[in-house]
Amino acid sequence: MLQDTYNRPLRDLRISVTDRCNYRCTYCMPFDEYAWIPRAEVLTYEETARLAQIFLGLGAEKIRLTGGEPLARKNLEVLIRKIAPLAGLKELCLTTNGAYLAEKAAALKSAGLVRLNVSLDTLEPEKFRRLTKRGELGPVLEGLEEAKRLGFRPIKLNAVIERGVNEEEILPLAEFARARGFAIRYIEYMDVGNANDWNLAKVVSKKQILAALGARFQLREKGRQEPGAPAVDYEYEDGGGEVGIIASVTEPFCGACARARLTADGKLVTCLFADHGHDLKSLVRIGASDEEIRKDIEAVWQARRDRYSEERFVALNASRYQPREHSKMEMIVLGG
Ligand code: SAM
Ligand code: SF4
Ligand code: SF4
């Protein structure tokens, strides 16, 4: 079995299908202008599906399509139709900001997608505008209703909680999700990329999120779905559904991290906080065989030593962590 230097297998593949996005979330890509990946450098759907198949042959079982905003890429259903039936794939999921979901949900569903993660950090229209800089809450809520009507399952909400911005949304979001049968995952604010001006004081910790939920709900811990899963899951004792918390700052989980990322321009990235990727597109475009590409991926994975969040945790505890000393790839490029 393929393993990295800490004996971690490659189980999850996150594919960023575009670095472009119709929002400018303050915690992710706060600037107005970015130097986008030139279109000619973006993998075609044929190239992406071929690489996906090779990753599945190396032990990957789950694929998440992300970005940037994946639904900002034209005809994403064409890619889904190619990936959904691939041998070895146990789970295919899409993470989206939901802005185009109402119009695209039916095409995605008939192409073979059933699992959805929709980002939603507030239920207040004005705050939603401020947080996303360009987004409107209404279409996201419509998209969620349409996805539910079409039978997507599970539908999970992703909420990044940032102090001074939306910590008072923890309970309203939980109630919204419970009432509609959506699962919800709260995400600790992370220092992804180089632009979001992160500092520890802005992080609402897993413990604090649980305390906020505990003021109204009784929760029972279920643990991680599997060892490498980012979220620790909880269920409401009254049977009201499920809550997950992704605590990569206060309870890092690098030890079992089995996630590989493929950028829109075909780079293999072995950590969310990496400063570079490994070019696979050139191999694909010079006509390398599947076996040659497979060997190349194997060599990168076998040399993998990433454990950024654990190292940050140690440095934070010693009060010597300076996020700006670490140059990272932007999250929109490598896929959240
Ligand atoms: N555009 C899609 C979306 O927003 O769902 C997919 C890409 S986005 C980069 C993937 C996830 O990363 C989203 O749920 C987003 O909230 C999360 N994210 C972005 N910046 C983050 C940050 N600084 N800390 C924690 N999560 C973040
Ligand atoms: Fe776009 Fe998603 Fe980043 Fe927001 S979190 S700016 S929607 S890629
Ligand atoms: Fe995996 Fe890197 Fe996140 Fe650690 S910091 S869990 S190695 S992606």
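How many aromatic pairs does the structure hold? The structure holds 8 aromatic pairs, where rings of Phe, Tyr and Trp (its six-membered ring) pair if their centres lie within 6.5 Å, and planes under 30 degrees apart count as stacked, over 60 as edge-to-face and the rest as tilted. This is a predicted model, in which local features need pLDDT of at least 70 and side-chain atom pairs count only at pLDDT 80 or more, while totals for chains, interfaces and linings use all residues. Residues are numbered from 1 along each chain as its sequence is written, ligands are numbered from 1 in the order in which they are written, and side-chain values use heavy atoms, with hydrogens and water left out.

**Aromatic contacts**
- The pair of Trp198 and Tyr321 is edge-to-face, because the ring centres are 6.0 Å apart and the planes stand at 80 degrees.
- Trp198 and Tyr321 are both buried (under 20% relative accessible area, with a 1.4 Å probe and protein chains only).
- One aromatic cluster is formed by Trp198, Phe273, Tyr308 and Tyr321.

**Charges over rings**
- Arg312 has its charged end over the ring of Phe273, 5.0 Å from the ring centre, and Arg178 has its charged end over the ring of Tyr236, 4.3 Å from the centre (NZ of Lys or CZ of Arg within 6 Å of the ring centre and within 35 degrees of the ring normal).

**Ligand 3**
- The residues that surround ligand 3 include Phe273, Tyr308, Arg259 and Asp306 (a heavy atom within 4 Å).

How values were computed. Buried < 20%, exposed > 50% of the residue type's maximum accessible area, 1.4 Å probe, protein only.
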